[in-house]
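This report describes selected structural features of one protein chain. Please consult the sequence and the model shown below while reading.

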Amino acid sequence: MKVKEVIGLLEDLSPLAYSEDFDNTGLLVGDKNAEVSGILVTLDTLEAVVDEAIENNCNLIVSFHPIVFSGLKKITGKTYVERVVQKAVKYDIAIFSNHTALDNSWNGVNTMICEKLGLRNRKVLIPQNETIKKLITFVPNESADKVRNALFEVGGGNIGNYDNCSFNIKGIGSFKGNEDSNPVLGLKGELRFEEETQIGITFAKHLQSKVLKALFEAHPYEEIPYEITTLENHNQQIGMGMIGEFETEKSETEFLKFLKTTMKTDCVRHSKLLNKQINRVAVLGGSGSFAIDAAKKVGADAFVSADFKYHDFFRAENAIVLADIGHYESEQYTKDLLHSFLKKKITNFAPSLSAGRILISQINTNPISYL
């Protein structure tokens with residue numbers, strides 16, 4: 001199995017098209033055509049993690065956080081980032097990161113937090129904009145079923161809990177080919193009117209190349225008429241953070257103690273307690289201060305995230321309990337998510353690889369210690 005095939009599987013879980021603009025996701029180091037000897041899953045790629053990969057004959061590191069975040073002008077080994085890249089290149093180790101693509105995935109980082117906390121009735125906290133596309137095409141009536149089904153087969157027409165969704169209008173189309181044309185229907189230079197079906201579907205933006213490929217292969221015309229537009233509709237399964245509910249509400253103190261134990265953190269920094277019960281909880285793995293207002297807007301009783309600054313806690317404004325559990329702690333279960341996903345998927349493609357060559361890093365990469 002090649003590196004690019006593993007990346008293809010990971011893109012099923014978290015398409016890179018949904019990475020944030022500031023991020024640096026994808027294959028950061030290595031050859032996408034290299035055969036995979038083993039996979040090491042980690043939260044961060046440090047030198048010790050690369051050494052661990054070498055010791056275990058793993059030539060692909062799947063790292064949630066990208067080791068190369070901004071541009072490198074030199075690779076001299078002066079910084080830990082440069083040393084990681086140097087060693088990875090020296091030992092032919094590829095490094096892949098899906099970071100904010102996994103943050104925005106319905107089955108990603110925040111789902112893991114919700115599962116650990118036992119939150120039900122989950123919804124995306126901040127839906128990502130412009131993730132839904134619309135395709136309009138015009139097809140001769142006798143070819144409409146073929147084209148429509150081809151679009152459905154690649155994921156076109158999927159809306160929430162429904163698939164094979166389309167809207168169809170029959171009408172009359174006109175066209176006239178020039179001297180260089182080779183019309184399927186009619187003759188070049190002849191104005192022709194044809195009974196056609198207008199097919200309209202929506203699709204997730206990461207599927208655009210597949211949708212167009214299916215359209216071009218199934219459509220009978222020489223020049224294929226189609227329009228693609230970007231919709232402002234929110235995709236209910238793509239975006240940052242989640243909100244869910246406890247089966248049984250908890251007191252604030254009970255909630256904070258439960259949070260500390262469940263998320264295995266030595267410290268929970270929180271805003272003023274409000275003497276209220278905690279039922280609706282918003283979560284966002286990693287640095288989440290930008291989502292405080294969103295958590296308040298959806299009526300969350302508490303918001304669990306990390307990296308809150310001093311003045312961020314004032315933004316609670318007696319409306320919500322803010323709980324900072326630490327950056328590493330909020331994302332720690334991401335390794336388990338990626339490892340479990342790869343083990344399950346790769347069993348179908350390369351049983352020998354999944355049997356024992358997909359490993360979770362045993363290196364604790366948390367740079368923060370508590371006294």
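## Helix α2 and its surroundings

Helix α2 spans residues 47-55, and V49, V50, E52 and A53 in it are buried. Buried denotes under 20% relative accessible area, exposed over 50%, and partly exposed the range in between, with a 1.4 Å probe and protein chains only. Viewed down the axis of α2, these buried residues fall within an arc of 155°, so they line one face of the helix; the arc is that of the directions from the helix axis to the C-beta atoms. An α-helix has 3.6 residues a turn, so residues three or four places apart point the same way. The cover over the buried residues of α2 includes β2, β3 (60-63), α3 (80-90) and β15, where contact means heavy atoms within 4.5 Å. After α2 comes N57, with a positive phi near 55°.

## Basis of the description

The model is predicted: local features need pLDDT of at least 70, side-chain atom pairs count only at pLDDT 80 or more, and totals for chains, interfaces and linings use all residues. Residues are numbered from 1 along each chain as its sequence is written, and side-chain values use heavy atoms, with hydrogens and water left out. Helices (H or I, at least four residues) and strands (E, at least two) are DSSP runs, numbered from the N terminus.

## The five-stranded sheet

An open sheet is formed by 5 strands in the order β1-β4-β3-β2-β15, with mixed pairing. β1 (26-29) and β15 (358-360) stand at the edges with a single partner strand each, so one side of each is left without a neighbour in the sheet. Direction ignored, neighbouring strands of this sheet are turned by 25° against each other on average; axes are lines fitted to C-alpha atoms, for helices over the stretch in contact, and angles run from 0 to 180 degrees between N-to-C directions. Two strands pair if DSSP finds at least two bridges between them.

Strand β2 (residues 39-42) runs parallel to β15 and is joined to it by 3 bridges. β2 and β3 also run parallel, and 4 bridges join them. L40 stands opposite L359 in β15, and its bridge partner in β3 is I61. In a regular strand the side chains alternate between the two faces of the sheet. In β2, I39 and V41 point one way, L40 and T42 point the other way, and all are buried.

L27 lies in strand β1 and is partly exposed, at a relative accessible area of 29%. L27 and I95 are 68 residues apart in sequence, yet their C-alpha atoms are 6.0 Å apart in space. Not counting residues up to four places away in sequence, L27 touches V3, I7, K32, A94, I95 and F96.

## Helix α7

In α7, the buried residues are V211, L212, A214, L215 and A218. Seen down the axis of α7, they fall within an arc of 160°, so they line one face of the helix. These buried residues pack against β6 (132-140), α6 (144-153), β8 (192-204) and β9. The face turned away from the buried side of α7 carries the exposed residues S209, K213 and E217.

## Aromatic pairs and charges over rings

The structure holds 8 aromatic pairs. Rings of Phe, Tyr and Trp (its six-membered ring) pair if their centres lie within 6.5 Å; planes under 30 degrees apart count as stacked, over 60 as edge-to-face and the rest as tilted. The ring centres of F216 and Y226 are 5.6 Å apart and the planes stand at 65°, so this pair is edge-to-face. F216 belongs to helix α7 (residues 208-218) and Y226 to strand β9 (residues 226-231), 10 residues apart. F216 is partly exposed at 39% relative accessible area, and Y226 is partly exposed at 35%. F308 and F313 also form an edge-to-face pair, 5.6 Å centre to centre with 80° between the planes; both residues are buried.

A charge sits over a ring if NZ of Lys or CZ of Arg is within 6 Å of the ring centre and within 35 degrees of the ring normal. K250 lies over the face of F246, at 4.9 Å from the ring centre. K116 lies over the face of Y333, at 4.4 Å from the ring centre.

## Positive phi values

Most residues other than glycine have a negative phi, and most peptide bonds are trans. D92, which is not a glycine, has a positive phi of about 55°. D92 lies in the loop between α3 and β4 (94-97) and is exposed, at 62% relative accessibility. N121 has a positive phi near 50°; it is found in strand β5 (residues 120-127) and is exposed, at 51% relative accessibility.
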